[in-house]
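Me: Can you go through this model with me? I'd like to take it piece by piece.

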Amino acid sequence: MSEVRIAAEPRTEFGKGAARRTRRAGKVPAVLYGHGTAPQHISLPGHDLMLALKTPNVLLRVEGVGSGSELALPKDVQRDPIKGFLEHVDLLLVRRGEKVSVSIPIQVTGEVVAGGRLVQPEVEIAVEAEATQIPEAVTLDIEGLEIDSQVLAKDLKLPAGTTLVADEELLIAQIVDASISTEPAAEEAEAEAEAAPEAEAEPTE
């Protein structure tokens with residue numbers, strides 16, 4: 001896993017007003033913490049950070065902090081719910097050789113069998129990996145899976161050096177009959193609502 005270098009600046013002003021000023025300057029307020037050290041309040045260049053965060057569990061080489069530079073993983077990314085810009089980021093300090101628990105995406109490959117439909121309740125899986133060797137994704141090949149087949153977490157072929165943290169029996173995906181609805185309860189409720197007679201209004205006195 002490659003490192004992404006990003007320059008940090010110390011942040012001495014706090015509060016909503018200070019955060020807005022930081023963002024107006026094209027930077028993102030952030031906190032660097034972990035390993036029992038005092039949290040370091042920093043700001044990071046917004047454009048560079050946005051590009052870096054396009055890679056899941058990106059390993060950041062944060063430069064310009066008190067100790068010179070630190071390795072960190074994004075742990076909490078807050079975005080504006082409407083415009084999507086970065087509002088705040090929490091970064092967890094890590095060291096080479098250290099094991100960390102993260103969630104990695106599940107990438108599905110292969111074609112669904114004729115007459116079947118893929119249902120995928122989980123799009124990520126919790127694993128443990130070495131901090132500098134976190135895989136970008138785990139591949140799930142559904143080629144050849146018959147209708148009614150299920151894939152559990154324990155069935156995933158994890159990359160070397162990666163171990164499962166999630167429940168082994170967690171349902172990841174299944175192939176269902178495409179002609180059968182998977183939401184019978186919702187359809188029944190809708191049918192009952194349509195069939196129910198309209199309530200007569202009570203006369204007013």
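Me: Where is threonine 162 found?

Reply: Threonine 162 is in the loop between β12 and β13 (163–164), where strands (E, at least two residues) and helices (H or I, at least four residues) are DSSP runs numbered from the N terminus. The model is a predicted one, in which local features need pLDDT of at least 70 and side-chain atom pairs count only at pLDDT 80 or more, while totals for chains, interfaces and linings use all residues. Residues are numbered from 1 along each chain as its sequence is written, and side-chain values use heavy atoms, with hydrogens and water left out.

Me: Is threonine 162 buried or exposed?

Reply: Threonine 162 is buried, because its relative accessible area is 10%; buried means under 20%, exposed over 50% and partly exposed in between, with a 1.4 Å probe and protein chains only.

Me: And what is threonine 162 in contact with?

Reply: Leaving aside neighbours within four places in sequence, threonine 162 is in contact with Val127, Glu128, Ala129 and Pro135, contact being heavy atoms within 4.5 Å.

Me: OK, cores next. Which residues have the most contacts inside the largest nonpolar core?

Reply: Those are Ile125, Leu140 and Ile172, in a core of 22 residues; a nonpolar core is a set of buried Ala, Val, Leu, Ile, Met, Phe, Trp, Tyr and Cys residues joined through side-chain atoms within 4.5 Å. At least two residues of this core come from each of β6 (68–79), β8 (99–109), β10 (124–130), β11 and β14, and the largest share, 4 residues, is supplied by β8.

Me: What does isoleucine 125 touch?

Reply: Not counting residues up to four places away in sequence, isoleucine 125 touches several residues, among them Val102, Ile104, Ile106, Val138, Leu156 and Ile172. There is also a second, separate core of 19 residues, which includes Val28, Ala52, Val62 and Leu91.

Me: Now the sheets. What is the order of the 7 strands in the open sheet?

Reply: The order is β1-β5-β6-β7-β3-β4-β2, with mixed pairing, and two strands pair if DSSP finds at least two bridges between them. The edge strands, each pairing on one side only, are β1 (3–7) and β2 (9–10). Strands β3 (residues 27–34) and β7 (residues 86–94) run parallel and are joined by 4 bridges, and valine 31 has aspartate 90 in β7 as its bridge partner.

Me: What does helix α1 lie across?

Reply: Helix α1 (residues 16–24) lies across β3, β4 (37–45) and β7, and runs at about 115 degrees to β3. Axes are lines fitted to C-alpha atoms, for helices over the stretch in contact, and angles run from 0 to 180 degrees between N-to-C directions.

Me: And which order has the open sheet of 3 strands?

Reply: That sheet has the order β9-β14-β12, with antiparallel pairing. β9 (116–119) and β12 each have a single partner strand, so one side of each is left without a neighbour in the sheet. Neighbouring strands of this sheet are turned against each other by 10 degrees on average, direction ignored. Between β12 and β14 (residues 171–177) there are 3 bridges, and valine 151 stands opposite alanine 173 in β14.

Me: Last topic, backbone angles. What is the phi of asparagine 57, and of aspartate 148?

Reply: Asparagine 57 has a positive phi of about 55 degrees although it is not a glycine, and aspartate 148, also a residue other than glycine, has a positive phi near 80 degrees. Asparagine 57 lies in the loop between α2 (46–52) and β5 (59–65) and is buried, with a relative accessible area of 16%. Aspartate 148 lies in the loop between β11 (138–141) and β12 (150–152) and is exposed, with a relative accessible area of 65%.
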